[in-house]
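Welcome, and please take a moment to look at the sequence and the model side by side.

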Amino acid sequence: MTIGIHLVCCTMVILNEIKQGVRRKDIALTYAMALRSWAAKADNPDWKVINEAIRAKWGVRGLKIVKNRAWALAEGRIEP
């Protein structure tokens with residue numbers, strides 16, 4: 001049996017972090033945790049809502065930066 005730790009309520013967590021003024025690199029870490037939780041079927045983030053909130057805060061370029069960093073973190077290509 002494999003035990004994993006997953007983030008739940010990912011959409012709410014990311015939206016709250018954006019509202020609280022958390023930095024992009026930290027949002028990317030939460031986004032990465034959301035990706036891993038989604039892949040494990042531990043949560044079902046509303047990617048459309050999340051991506052729109054990120055785009056509204058930092059623009060299209062900011063969304064791309066967050067997503068690229070999040071995927072790199074989720075895949076283990078970079079460390080937090």
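This is a predicted model: local features need pLDDT of at least 70, side-chain atom pairs count only at pLDDT 80 or more; totals for chains, interfaces and linings use all residues.

Residues are numbered from 1 along each chain as its sequence is written, and side-chain values use heavy atoms, with hydrogens and water left out.

Helices here are DSSP runs of H or I with at least four residues, numbered from the N terminus. Let us begin with α1. Its buried residues are Cys10, Thr11, Ile14, Glu17 and Ile18. They cover an arc of only 135° around the axis, which puts them on the same side of α1; the arc is that of the directions from the helix axis to the C-beta atoms. On the face turned away from the buried side, α1 carries the exposed residues Met12, Lys19 and Gln20. Buried means under 20% relative accessible area, exposed over 50%, and partly exposed in between, with a 1.4 Å probe and protein chains only.

Thr11 is buried, with a relative accessible area of 17%. Leaving aside neighbours within four places in sequence, Thr11 is in contact (heavy atoms within 4.5 Å) with Pro45, Asp46, Val49 and Ile50.

Next comes α2, residues 24-39. At 1.5 Å a residue, its 16 residues should span 22 Å, and the end C-alpha atoms are 22 Å apart, which agrees; the expected span is 1.5 Å times one less than the number of residues. Buried residues of α2 include Ile27, Tyr31 and Leu35, and the buried residues of this helix pack against α1 (10-20) and α3 (47-74).

| Helix | Residue just after | Phi |
|---|---|---|
| α1 | Gly21 | about 85° |
| α2 | Lys41 | about 60° |

How do the two helices meet? The axes of α1 and α2 come within 10 Å and cross at roughly 175°. They are therefore roughly antiparallel to each other, a term for angles over 145 degrees. In the contact, Cys10, Val13, Ile14, Glu17 and Ile18 of α1 meet Asp26, Ile27, Thr30, Tyr31, Ala34 and Ser37 of α2.

Conventions. Axes are lines fitted to C-alpha atoms, for helices over the stretch in contact, and angles run from 0 to 180 degrees between N-to-C directions. Angles under 35 degrees count as roughly parallel, over 145 as roughly antiparallel, 65 to 115 as roughly perpendicular and the rest as oblique.
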